[in-house]
Amino acid sequence: MKSFSLNIRGHLRQVDKPLIMGILNVTPDSFYSGSRTPADDRAAILDRASRLIAEGADIVDIGGYSSRPGAAEVSPEEEGRRVRAGIEAVRSLDPDILISIDTFRADVARSAIEDWGADIINDISAGMLDREMIPVVARLGVPYIIMHTRGTPSTMSSLTDYPYGVVAGVASELHERILECHRAGIADLIVDPGFGFAKTAEQNYRLMASLRDLSLMLDDLPMLVGVSRKSMIYKPLGITPADSLPGTDALNTLALIQGAAILRVHDVAAARQVLDVVSMFRAAEKTPIS
């Protein structure tokens with residue numbers, strides 16, 4: 001991967017190797033049951049967060065609104081209550097670890113950054129579901145993760161037609177979002193192809209196979225890959241999310257080989273092993289044959 005820097009509360013943090021983002025869902029209905037931690041159960045939140053940190057997460061990504069197809073609607077107030085509980089629990093364990101707030105709502109993002117202690121905004125809609133998000137991110141001056149999707153979680157599964165192919169379509173649509181962010185003055189951008197969002201299983205694998213090309217099409221911005229236990233693994237294999245860790249590890253390996261800068265995962269220890277092994281492989285590639 002290409003090195004990059006992040007502005008974290010006025011201090012530039014240089015990133016020279018891939019990062020692992022651990023998922024902390026403060027929700028009752030995320031698609032993978034192993035990641036659910038109810039907002040009213042502080043002990044469960046602390047247990048999940050401490051495990052992510054102990055296993056080597058560089059970033060903890062906290063979400064209070066499930067984006068799986070068919071998920072229940074959550075009010076902004078309830079989403080804010082949930083993510084605040086998550087952020088405060090993580091900060092009580094580690095005041096320095098990076099925290100990203102997984103939300104498409106500008107008001108939730110603003111409070112998470114200004115009042116509760118988050119550092120990064122991770123928006124599955126790239127500003128499309130709340131037009132106030134991009135101006136808010138620009139004013140806050142924080143890193144912004146923009147993901148490709150279409151429609152809403154309830155409609156995205158029907159929006160998979162890409163006349164010029166999924167790679168060209170995702171590149172074109174994300175490029176428009178990048179331009180809007182740049183026009184607003186957002187400096188730190190990370191792009192996420194949106195595996196599983198408005199894409200068929202076949203399209204997801206085409207994206208993975210073209211990840212390096214996609215990155216080049218998007219100004220070589222840092223790329224986040226989030227495939228952890230997703231349906232692109234378990235549905236074709238006829239298994240469940242609980243059984244899909246080996247497939248997740250395989251895809252994360254392929255993503256790293258193609259230059260991914262951040263892996264968003266449920267299982268941090270497994271991702272850390274993948275990252276360490278790929279790093280050793282990369283080092284061996286550079287060693288002269290003797």
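Glycine 22 has valine 265 of strand 10 as its bridge partner. The model is predicted: local features need pLDDT of at least 70, side-chain atom pairs count only at pLDDT 80 or more, and totals for chains, interfaces and linings use all residues. Residues are numbered from 1 along each chain as its sequence is written, and side-chain values use heavy atoms, with hydrogens and water left out.

**Strand 10 and the sheet**

Helices (H or I, at least four residues) and strands (E, at least two) are DSSP runs, numbered from the N terminus. Two strands pair if DSSP finds at least two bridges between them. Strand 3 (residues 19-25) is joined to strand 10 by 4 bridges, and the two run parallel. Strand 9 (residues 224-225) also pairs with strand 10 in the parallel sense, over 2 bridges. The residue partners in strand 10 are tabulated below.

| Residue | Partner in strand 10 |
|---|---|
| Glycine 22 | Valine 265 |
| Valine 225 | Leucine 263 |

**Helix 10**

Helix 10 has 18 residues and reaches 25 Å from its first C-alpha to its last, close to the 26 Å expected at 1.5 Å a residue. The expected span is 1.5 Å times one less than the number of residues. Its buried residues are Val268, Ala270, Ala271, Arg272, Val274, Leu275 and Val278. They pack against strand 3, helix 1 (42-54), helix 9 (245-257) and strand 10, where contact means heavy atoms within 4.5 Å.

**The second largest pocket**

On a 1 Å grid over the protein atoms alone, a pocket is an open set of points with protein on both sides within 12 Å along at least five of seven lines, and a cavity is a set where a 1.4 Å probe fits but cannot get out; lining residues have an atom within 4 Å of a point. Grid points are joined across faces, edges and corners, and a volume is the space filled by probe spheres set on the points.

The second largest pocket holds about 570 Å³ of space. It is lined by 31 residues, of which Met1, Lys2, Ser3, Gly259 and Ala260 are the closest to its centre. Two or more lining residues come from each of strand 1 (4-8), strand 8 (189-192), helix 7 (211-217) and helix 10 (268-285). Helix 10 gives the largest share, 5 residues.

**Two buried residues**

Serine 125 is in the loop between strand 6 (120-123) and helix 4 (133-140). Serine 125 counts as buried because its relative accessibility is 3%. Apart from neighbours within four places in sequence, serine 125 is in contact with Phe104, Met147 and Thr149.

Glutamate 79 lies in helix 2 (residues 76-93) and is buried, with a relative accessible area of 0%. Beyond its neighbours within four places in sequence, its contacts include Asp102 and Arg105.

Technical notes:
Buried < 20%, exposed > 50% of the residue type's maximum accessible area, 1.4 Å probe, protein only.
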